[in-house]
Amino acid sequence: ATGVALVRSRSPTERRAMTEAADDLTETIAGIRRCFWLLGAVSDEMIADLGLTASLRAVLEHLHQHGDATVPQIATEKAVKRQSIQALADQLRELGLTATRENPAHKRSALITLTAKGARTFRAIQSRERARLKEFRQHLDSDDLARTARTLKDMTAKLREIVNGEGDDDT
């Protein structure tokens, strides 16, 4: 009730500005979702000949960037269900791109590790992506990209707080 009273006590100009800001955020989130799905489609097309999908690529990327990890660790980082990552990890292992090894910290949760073939495959994917991004980059403004990167970093940090139960009650 207190939050409602605060909104009502604001001037019409303040309420309009808040509504416009909320509309901008809603449109930004919708744009991120559209970009996410389109990036996935582009990635799927770009690596289809390798027998991979954007989701499989994401797990390879995680292992490449962060080293060996458990399925729950990857799931937590990606904010998806453990079962989804487990299915992807199983596919990658069947393709010979990853292997499992004993986890000294947890007997029941094996570490997923890139194989030599997995590392080579991910480097090949990166090479393809760099070529595509170089072409794509020419159509975007450097300042806009830098601002967008900062905004996405801030949004990600705030969303992580919310997911982890650390967010403010009044936001």
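These legends describe an overview and several close-up views of one predicted protein model.

The model is predicted: local features need pLDDT of at least 70, side-chain atom pairs count only at pLDDT 80 or more, and totals for chains, interfaces and linings use all residues. Residues are numbered from 1 along each chain as its sequence is written, and side-chain values use heavy atoms, with hydrogens and water left out.

**Overview: seven helices and three strands.** The protein has seven helices and three strands (DSSP runs, H or I of at least four residues for helices, E of at least two for strands, numbered from the N terminus). From the N terminus, the order is α-α-α-β-α-α-β-β-α-α. Of its 171 residues, 21% are buried (under 20% relative accessible area; exposed is over 50%, partly exposed in between; 1.4 Å probe, protein chains only).

**Close-up 1: Asp-49 and Arg-128.** Their side chains meet in a salt bridge, 2.7 Å from N to O (a side-chain nitrogen of Lys or Arg within 4 Å of a carboxyl oxygen of Asp or Glu). The pair links distant parts of the chain, 79 residues apart. Asp-49 sits in the loop between helix H2 (12-47) and helix H3 (54-66), Arg-128 in helix H6. Asp-49 is exposed at 58% relative accessibility. Arg-128 is partly exposed at 27%.

**Close-up 2: Arg-147 and Asp-144.** This salt bridge has its closest N and O atoms 3.0 Å apart. The two residues are three apart in helix H7 (residues 142-163), so about one helical turn separates them. Arg-147 is partly exposed at 43%, and Asp-144 is partly exposed at 41%.

**Close-up 3: a salt-bridge network.** Salt bridges link Arg-57, Glu-61 and Glu-129 in a network.
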